[in-house]
Amino acid sequence: MPDVIMPRLSDTMEEGELSRWMKQVGDEIHKGDVLAEIETDKATMDLEAFDNGILEQHLVAAGALVPIGEPVARIGDGSNIVTGDAAPAAPAVAAPAVVVAPPADAPAPVVAAAAAAAAPATPTPTGELRASPAPTGELRTSPAPTGELRTSPAPTGELRTSPLARKIGREHGIDLHTLTGTGPQGRITRTDVDSAIAKQQTAPAKAAAPAPVVATSAAASGANESVDVPVSRIRAVTARRLTESQAVPHFFLTSVVNVERLVAFRADVNESLAALGTKVSLNDLFVRASAVALRAHPEVNASWGDGVIRRHQHVNVGVAVATDDGLLVPVVADADQKPLGAIAVETRALAGLARSGGLSLGQMTGGTFTISNLGMFGIDSFTAVLNPPEAGILAIGAATDVPAVRDGILVTVPTVKITLTVDHRVLDGAVAAAFLRDLVALLEEPLRIVL
């Protein structure tokens, strides 16, 4: 049987962390069984078996980062069971490592294990393996049973912890760097965080300690100190993808929408849906209106790929959701085919799953257009960064009352500024302007968005 490989669980995934094995060596496996939990750049997902058989070997240890397509386990008939996690053999000469120079006032130079790994090992007359002398002295290692030079791995500085543990730690003010993880490879688990919370609650009140500060070379000379905050995998991938999007030739179109009728329409809809316990937000109305406009303008419901323009058959609207770990964009599939009430229920559920880390792969892929709304933060207007490979993203600001003259009387009218960011490779200005014009007309005559 073929090995179980690390699958591609998201369109941006390049590697996954096998956070926990759910099945052990020797277990009987059925197709569809969950073998392990995989933490990707977007969420924690299940790794399912595609074959029946016996789990004969774990090819990687829990907590390991594995590139897409690399084998992680072996399922067979049970005749070749191997206990323990496989690991690649150490090379005779390890790659050079960065060696930090000891302080000038240190009593004696200290050679890190990483420095020894950078030096070739040579046998001595007694059969002992000895690393070549480093400039500051010599490091000797005892021979391993296989005759292999073994050194302690250099610390990577990476904080291994589950998304749930990070979330709970933030909520209770727990500095995860001060905890000792009991999970695989020192991974900090929810149990470790819960124990720290319990100690915090039972310990006597103490003066708050200053936050840990990483002094830079500038700080040593009297300048301001700084704190290095490790980023989540989601934020790291978001940073990389949005940086890549800056290479896309794009332009911006802004319109002002009179939302007086839209606000009144929302109030009427919510009154009619009150018995069902459903509420429609202004953002839900923008999702539905955008979907209807995209259906009328299929050239906008497109993306750039490999030198061609791909016009999509389904209108799938992504809704940007800010989470503690970074920006996620769950997708409302076939939004042009769904009634307004269903969109309201779905967007609320997707936002909750995004913040709790429970989104599935299907709920985060396949988007053809994105909406980003910062109106709830009081932002009047802004320009959103494209979400590749989509050709457009709509930025929505806050509703603001502006003066207007009606029948010779000065009144105030609620308006919203919306800005469309467009991939110029896919759309020209006139085409994008026609789409935005029709979207504004839908929002200002909201009965049309439910037809």
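**View 1. Overview of the chain.** The chain comprises nine helices and 21 strands, helices (H or I, at least four residues) and strands (E, at least two) being DSSP runs numbered from the N terminus. This is a predicted model, in which local features need pLDDT of at least 70, side-chain atom pairs count only at pLDDT 80 or more, and totals for chains, interfaces and linings use all residues. Residues are numbered from 1 along each chain as its sequence is written, and side-chain values use heavy atoms, with hydrogens and water left out. Of the 451 residues in the chain, 38% are buried (under 20% relative accessible area, 1.4 Å probe, protein chains only). The chain exposes about 24600 Å², 57% of it supplied by carbon and sulfur atoms (Shrake-Rupley method, 1.4 Å probe). Among contacts (heavy atoms within 4.5 Å) between residues at least 6 apart in sequence, 60% join residues at least 24 apart.

**View 2. Helix α6 against helix α7.** The axes of α6 (residues 260-273) and α7 (residues 282-296) come within 10 Å and cross at roughly 110°. Axes are lines fitted to C-alpha atoms, for helices over the stretch in contact, and angles run from 0 to 180 degrees between N-to-C directions. On the α6 side the contact is made by Leu262, Val263, Phe265 and Arg266, and on the α7 side by Leu282, Leu285 and Phe286. These residues divide into six nonpolar, no polar and one charged; Ala, Val, Leu, Ile, Met, Phe, Trp, Tyr, Cys and Pro count as nonpolar, Asp, Glu, Lys and Arg as charged, and the others, Gly among them, as polar.

**View 3. Helix α7 against helix α9.** Helix α9 (residues 429-444) packs on α7 at an angle of about 135°, with the axes 9 Å apart. From α7, the contact includes Leu285, Phe286, Ala289, Ser290, Val292, Ala293 and Leu294; from α9, Phe435, Leu439, Leu442 and Leu443. Ten of the contact residues are nonpolar, one is polar and none is charged.

**View 4. Surroundings of Val317.** Val317 lies in strand β14 (residues 317-319) and is buried, with a relative accessible area of 0%. Not counting residues up to four places away in sequence, Val317 touches Val287, Ala291, Leu294, Pro330, Val331, Val332, Ala335, Phe369 and Ile371. The C-alpha atoms of Val317 and Phe369 are separated by 5.1 Å, although the two residues are 52 apart along the chain.

Conventions:
Buried means under 20% relative accessible area, exposed over 50%, partly exposed in between (1.4 Å probe, protein chains only).
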